[in-house]
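Please keep the model in view while reading.

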Amino acid sequence: MPRARPRRPSLPAHLQRSTEWHGLRAGDPVDIAGVAGRGLRFVFRAHVRNTRLGVESVEVVGGRPGEERIRSFRPDQVYPAGGRRRGSPSLAAAPQLPLG
């Protein structure tokens, strides 16, 4: 008999989670400020807003090659892929909204 998939608990009402944020969609590559290491790669997973506390965070997946860790960062630490090297502002400061 096949096993039922475990149910993922729903988020509390004060947490708003979105898989799109400032022009990013889940799976888009991003750079993270303040995380040191060679070969680190991250992809955007979700933007989370805690309406009770007024706090936002950005969930990403990745890390060192072969790692698939889920981590959360402040929005001002998240940059478009390659943006930190080019001196671009963070996505919190300058959203990469789609044109049209």
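F42 and F73 are both buried, where buried means under 20% relative accessible area, exposed over 50% and partly exposed in between, with a 1.4 Å probe and protein chains only. The model is a predicted one, in which local features need pLDDT of at least 70 and side-chain atom pairs count only at pLDDT 80 or more, while totals for chains, interfaces and linings use all residues. Residues are numbered from 1 along each chain as its sequence is written, and side-chain values use heavy atoms, with hydrogens and water left out.

How many aromatic pairs does a search of the whole structure find? The search finds one. Rings of Phe, Tyr and Trp (its six-membered ring) pair if their centres lie within 6.5 Å; planes under 30 degrees apart count as stacked, over 60 as edge-to-face and the rest as tilted. The ring centres of F42 and F73 are 6.0 Å apart and the planes stand at 75 degrees, so this pair is edge-to-face. Because F42 belongs to strand β5 and F73 to strand β7 (residues 69-73), the pair ties together parts that are 31 residues apart in sequence.

The chain as a whole has eight strands and one helix. Helices (H or I, at least four residues) and strands (E, at least two) are DSSP runs, numbered from the N terminus. Read from the N terminus, the order of elements is β-β-β-β-β-β-β-β-α. Of the 100 residues, 29% count as buried. Among contacts (heavy atoms within 4.5 Å) with a separation of 6 or more, 46% are between residues 24 or more positions apart.

In soluble globular proteins, nonpolar side chains tend to be buried together. A nonpolar core is here a set of buried Ala, Val, Leu, Ile, Met, Phe, Trp, Tyr and Cys residues joined through side-chain atoms within 4.5 Å. The largest one has 11 residues: W21, L24, V30, I32, F42, F44, V58, V60, F73, V78 and L91. β4, β5 and β6 (55-63) are the elements that give two or more residues to this core. One of its members, L24, is in contact with T19, V30, F44, V78 and L91, leaving aside neighbours within four places in sequence.

Next comes the largest pocket. On a 1 Å grid over the protein atoms alone, a pocket is an open set of points where a 1.4 Å probe fits, with protein on both sides within 12 Å along at least five of seven lines; lining residues have an atom within 4 Å of a point. Grid points are joined across faces, edges and corners, and a volume is the space filled by probe spheres set on the points. The volume of the largest pocket is about 300 Å³. Its lining consists of 14 residues, and V30, D31, L40, R41 and R85 lie nearest the centre. At least two lining residues come from each of β4 (29-32), β5 (41-50) and α1 (83-86), with β4 giving the largest share, four residues. The lining has seven nonpolar, three polar and four charged residues; Ala, Val, Leu, Ile, Met, Phe, Trp, Tyr, Cys and Pro count as nonpolar, Asp, Glu, Lys and Arg as charged, and the others, Gly among them, as polar.

Some residues in the loops remain. G37, in the loop between β4 and β5, is partly exposed at 46% relative accessible area. R64 sits in the loop between β6 and β7 and is also partly exposed, at 48%. The C-alpha atoms of R64 and G37 are separated by 7.8 Å, although the two residues are 27 residues apart along the chain. R64 touches G39 and L40, not counting residues up to four places away in sequence.

Q77 lies in the loop between β7 and β8 (78-80) and, at 13% relative accessibility, counts as buried. Beyond residues up to four places away in sequence, Q77 touches D31, I32 and A33.

Most residues other than glycine have a negative phi, and most peptide bonds are trans. H22 has a positive phi, near 50 degrees. H22 is placed in the loop between β2 (20-21) and β3 (24-25) and is partly exposed, with a relative accessible area of 25%.

Back in strand β5, N50 is buried at 14% relative accessible area. Leaving aside neighbours within four places in sequence, N50 is in contact with H14, L15 and V55.
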